[in-house]
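Thanks for taking a look at this one with me. Here are a few notes to read alongside the coordinates.

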Amino acid sequence: MAEKRRVFTAEFREGAVRIVTEPGKPVPEVAEDLGINETTLASWVSRAKRAGKATIEDRDALIVRLTSENAALKKENKGLGDGA
């Protein structure tokens, strides 16, 4: 019979990653302390690091896009007010 997979909340995953990244504890030690698979924790840490790097770049790109859209909408709205 297949083993039932454990489901971890986002808060648990974030907390586990924080324990590894902030104080710099090794993944195997944290995984053992929390009773989770070392590979699982390592993938969470890796994913969080990638997301952290991408977030800054994504945020900058989003700001540029939204600023451009905002300017276009202001221009469009100005045109609508002329005919009223």
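Which residues line the largest pocket? Before the answer, a word on the basis: this is a predicted model, in which local features need pLDDT of at least 70 and side-chain atom pairs count only at pLDDT 80 or more, while totals for chains, interfaces and linings use all residues. Residues are numbered from 1 along each chain as its sequence is written, and side-chain values use heavy atoms, with hydrogens and water left out.

1. The lining consists of Glu3, Lys4, Arg5, Arg6, Phe8, Ile36, Asn37, Thr40 and Trp44. A pocket here is an open set of points on a 1 Å grid over the protein atoms alone, where a 1.4 Å probe fits, with protein on both sides within 12 Å along at least five of seven lines; lining residues have an atom within 4 Å of a point. The space in this pocket is about 270 Å³, taken as that filled by probe spheres set on the points, which are joined across faces, edges and corners.

2. Rings of Phe, Tyr and Trp (its six-membered ring) pair if their centres lie within 6.5 Å; planes under 30 degrees apart count as stacked, over 60 as edge-to-face and the rest as tilted. One of the pairs is Phe8 with Trp44, edge-to-face at 5.3 Å centre to centre and 75 degrees between the planes. Phe8 sits in the segment before helix H1 (10-21) and Trp44 in helix H3 (residues 38-82), 36 residues apart; helices are DSSP runs (H or I, at least four residues), numbered from the N terminus.

3. Phe8 counts as buried because its relative accessibility is 19%, and Trp44 is buried at 9%. The cut-offs are under 20% relative accessible area for buried, over 50% for exposed and partly exposed in between (1.4 Å probe, protein chains only).

4. Trp44 also pairs edge-to-face with Phe12, at 6.2 Å centre to centre and 90 degrees between the planes. Phe12 belongs to helix H1 and lies 32 residues from Trp44; at 28% relative accessibility, Phe12 is partly exposed.

Methods
Helix = DSSP H or I, 4+ residues; strand = E, 2+ residues; numbered from the N terminus.
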